[in-house]
Amino acid sequence: MMAMFFGVIDVCYAVSIQSLFSQAVRAGSRFAITYSASYNGTACGSQAACIAQVVQDNAVGFLAGVKGNSIVVNYYISNNLTTPVMSCSGGTCTAGTPALPYTYSVATTTGTTSVTISYPNQPGNIVEVTIPSYPLLWMVPITGFSAGSQVTDFGGNKGLGLTLSASSADVLGGLQQGTSIPPSP
């Protein structure tokens with residue numbers, strides 16, 4: 001009876017955290033399209049740092065401290081959604097491919113036109129906010145019960161559990177009025 005009781009609590013806990021993370025990354029991608037360089041009145045070093053702070057605040061402490069390094073912000077150009085042109089995590093951004101500035105042709109009804117991408121977070125690009133792998137150990141490991149896989153949490157504890165992930169993406173719209181260059185990604 002106790003095993004079933006704790007099993008129900010563990011499953012409900014995991015579903016609740018998964019839902020919380022899904023909402024947090026959605027809030028981060030919604031914030032990204034505003035191009036704001038500050039959050040809650042505090043200037044951020046980059047747009048990705050502000051986005052990560054929004055995700056952390058919406059994760060109600062589950063991504064606090066070093067756990068915040070598990071938040072990844074990727075920028076994609078619209079004709080290549082498989083490889084990010086820039087990926088940011090833990091306050092560090094890494095350039096991807098293709099190298100910017102990048103020009104490609106788009107077919108239109110009157111022929112073709114060239115599109116030049118100069119910034120990773122340029123309007124028309126796609127921002128993806130993701131928590132790729134968050135380890136969650138079962139609260140009460142039951143001997144002989146093998147649901148889940150072997151995971152290591154942020155404290156170095158090993159045991160049976162789940163690896164949760166969440167992702168949200170949106171198209172970056174127009175820049176704020178009076179600006180012509182997006183903030184630092």
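This is a predicted model: local features need pLDDT of at least 70, side-chain atom pairs count only at pLDDT 80 or more; totals for chains, interfaces and linings use all residues.
**Briefing: charges, fold and one hairpin**

The protein chain carries 4 positive and 5 negative side chains, with the centres of the two sets 2 Å apart. Residues are numbered from 1 along each chain as its sequence is written, and side-chain values use heavy atoms, without hydrogens and water.

**Fold**
- The protein chain has 2 helices and 10 strands, taken as DSSP runs (helices H or I, at least four residues; strands E, at least two) and numbered from the N terminus.
- From the N terminus, the order of elements is α-β-β-α-β-β-β-β-β-β-β-β.
- The C-alpha trace spans about 70 × 40 × 25 Å along its principal axes.

**Burial, surface and contacts**
- Of the 185 residues, 35% count as buried (under 20% relative accessible area, 1.4 Å probe, protein chains only).
- The accessible surface (Shrake-Rupley method, 1.4 Å probe) comes to about 9,900 Å², and 58% of this belongs to carbon and sulfur atoms.
- Among contacts (heavy atoms within 4.5 Å) between residues at least 6 apart in sequence, 57% join residues at least 24 apart.

**Strands 4 and 5**
- Strand 4 (residues 86–89) pairs with strand 5 (residues 92–95) in the antiparallel sense over 4 bridges; pairing requires at least two DSSP bridges between two strands.
- Met-86 has Ala-95 in strand 5 as its bridge partner.
- The two strands form a hairpin with 2 residues between them, and Gly-90 in the turn has a positive phi of about 60 degrees.

Conventions
Buried means under 20% relative accessible area, exposed over 50%, partly exposed in between (1.4 Å probe, protein chains only). Lys and Arg count as positive and Asp and Glu as negative; His and the chain ends are not counted. The place of a charge is taken as NZ of Lys, CZ of Arg, CG of Asp or CD of Glu.
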